[in-house]
Amino acid sequence: MLEVLEPGILTTIQDAGRPEWTHLGVPVSGACDPWSLAVANLLVDSDPGAAAVEMTLVAPTVAVVESGVVAIAGADLGGRVRETGRRLLPGHVHRLEASTTLEFSGPVDPTIGSRAYLAMPGGVAVPNVLGSASTCLSGGFGGMDGRPLRRGDRLAARASAAPPQDLDDRIWSVPGGFAPASDPGTAPVRVVDGPHLDLLDGAVMDALIAGPWAVDAASDRVGLRLTGPDLAGRAVGRGSRSSWPELLSHGVVWGAVQLPSDGAPIILLADHQTTGGYPVVAVAIAADRPRLGQLRPGGSVRFERTDLETARHELLRQRELLAAGAAMLRETARWDELWRSAGG
């Protein structure tokens, strides 16, 4: 059991989201970095899509009301136990003692990552709404009453756990693994052609790939607003901006790169609206969504054109890495149990 003392900038409860309701205009929501959500949950032997605490840049300060364990994954936001100074590193499980305090000093490296996830055994115990515990900020439901966490909120684990004292040795370590918070702006985000690219001048995609792009301060969980080359002029060629294509509203997805008439692209994130009227020039592949979710205002991003076959391959590879990590953790737990039963 944890109690929020200071809530941080934007701290919400998120799980894998509610994709089954987009036909009714309900945003998917869910974790902006689904990889780190899964890693944190697997470390405490929870379902990879279980509800966890998503912390953004300035994380909350929380009191430990009852002893237990948590896992942290994603960006290193400088977590530590106030009373002892013990660091709470991402990719680790941490045993917490009652009457202690968890605090976060801020990102250890201001150029790396923006979001971290705190998981509890079985997931954070909040009601499901439309099949998900995720906070839908625009709708005001899910999570903790549809809002960010605030002072006095209490977070409990769905499952009780009495782990061994040496559980701190349990870490996420998969050879060849994927770490979206390690350097989200270095490798390019891979995109496939969008459905409206043929309505625009062919130079638009070339300019998008050429970049570079900076993440605007107006970015949020709905989308990343980018600043860089003026794509509007490229989109209409030598014509006037009045020749901008007029579209009926259409369905949009996580990772869609929309192009408003001002020429500044918007990449949709987890809380994106379900329909839009801007042309979609490209779509980020699903395997690179976690890296998009770790970008921060002032950060930079580049794009690389790819194809659907590569997109599928990379998503399957990511799922295989998660499965391999889960198997390694189960094997470690099994050996720990055998060792204890043998009197080790």
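Me: In this predicted model, buried means under 20% relative accessible area. By that cut-off, is D153 buried or exposed?

Reply: The relative accessibility of D153 is 8%. The limit for a buried residue is under 20%, so D153 counts as buried.

Me: Which residue meets the side chain of D153 in a salt bridge?

Reply: A salt bridge requires a side-chain nitrogen of Lys or Arg within 4 Å of a carboxyl oxygen of Asp or Glu. The contact of D153 has an N to O distance of 2.8 Å. The partner is R147.

Me: R147 also forms a salt bridge with D145; is D145 buried or exposed?

Reply: The closest N and O atoms of D145 and R147 are 3.9 Å apart. R147 is buried, with a relative accessible area of 15%. For D145 the value is 61%, and exposed means over 50%, so D145 is exposed.

Me: How many residues apart in sequence are the parts that the pair E54 and R221 ties together?

Reply: E54 and R221 form a salt bridge with their closest N and O atoms 2.7 Å apart, and both residues are buried. E54 belongs to strand 3 (residues 52-56), whereas R221 sits in the loop between strand 12 (213-215) and strand 13 (223-227). The pair therefore ties together parts whose separation in sequence is 167 residues.

Me: Which residues lie closest to the centre of the largest pocket?

Reply: The largest pocket holds about 600 Å³ of space. Its lining has 23 residues, divided into 15 nonpolar, 5 polar and 3 charged. Helix 1 (34-43), helix 4 (289-293) and helix 5 (308-341) each supply at least two residues of this lining. Closest to the centre are A16, P34, R289, L315 and R319.

Me: How many residues of the lining of the largest cavity are nonpolar?

Reply: About 50 Å³ of space lies in the largest cavity. Its lining consists of L2, V53, M55, P60, V62, F104, L118 and L155. No polar and no charged residues occur there, and the nonpolar count is 8.

Me: How many charged residues are in the lining of the second largest cavity?

Reply: The second largest cavity has about 30 Å³ of space. Among its lining residues are I72, D76, G78 and F104. The lining divides into 7 nonpolar and 2 polar residues, and the charged count is 1.

Terms used: Residues are numbered from 1 along each chain as its sequence is written. This is a predicted model: local features need pLDDT of at least 70, side-chain atom pairs count only at pLDDT 80 or more; totals for chains, interfaces and linings use all residues. Side-chain values use heavy atoms; hydrogens and water are left out. Helices (H or I, at least four residues) and strands (E, at least two) are DSSP runs, numbered from the N terminus. Buried means under 20% relative accessible area, exposed over 50%, partly exposed in between (1.4 Å probe, protein chains only). On a 1 Å grid over the protein atoms alone, a cavity is a set of points where a 1.4 Å probe fits but cannot get out, and a pocket is an open set with protein on both sides within 12 Å along at least five of seven lines; lining residues have an atom within 4 Å of a point. Grid points are joined across faces, edges and corners, and a volume is the space filled by probe spheres set on the points. Ala, Val, Leu, Ile, Met, Phe, Trp, Tyr, Cys and Pro count as nonpolar, Asp, Glu, Lys and Arg as charged, and the others, Gly among them, as polar.
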